[in-house]
Amino acid sequence: MLVTINVAVLLAVIIILRLRRRTQARSRFDEKLTVLIVLVFGVLIAPTAFGQGILDVVVQVVQGISQSGR
């Protein structure tokens with residue numbers, strides 16, 4: 001039996017676990033590592049259909065906000 005793990009899913013779980021910790025318990029290194037993990041997660045998920053869907057939603061929200069300000 002072959003078990004495969006999707007790296008993006010694994011990073012999502014790690015991000016959720018890291019963000020559940022209290023802010024006071026985090027060091028600067030810990031915060032920088034979390035930012036790096038989130039950036040890698042973004043790069044991995046961007047070319048997928050899910051990533052493109054998120055991009056479309058964000059673009060629509062930004063366009064709606066910019067048009068409501070006019």
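Visitor: Which pattern does the protein follow, read along the sequence?

Guide: This is a predicted model, in which local features need pLDDT of at least 70, side-chain atom pairs count only at pLDDT 80 or more, and totals for chains, interfaces and linings use all residues. Residues are numbered from 1 along each chain as its sequence is written, and side-chain values use heavy atoms, with hydrogens and water left out. Helices (H or I, at least four residues) and strands (E, at least two) are DSSP runs, numbered from the N terminus. The protein has three helices and zero strands, and along the sequence the pattern is α-α-α.

Visitor: What radius of gyration does the protein have?

Guide: The radius is taken over C-alpha atoms, and the globule rule is 2.2 Å times the number of residues to the power 0.38. A compact globule of 70 residues would come near 11 Å, but the protein has 16 Å.

Visitor: Is T34 buried or exposed?

Guide: T34 lies in helix α2, residues 28–45. Buried means under 20% relative accessible area, exposed over 50%, and partly exposed in between (1.4 Å probe, protein chains only). T34 has 11% relative accessibility, so T34 counts as buried.

Visitor: Which side chain does a polar contact join to that of T34?

Guide: Not counting residues up to four places away in sequence, T34 touches R18 and L19, where contact means heavy atoms within 4.5 Å. A polar contact is a pair of N or O atoms within 3.5 Å; within protein, one must be able to donate a hydrogen and the other to accept it, and residues adjacent in sequence count only if both atoms are side-chain atoms. At 2.9 Å, the partner of the T34 side chain is that of R18.
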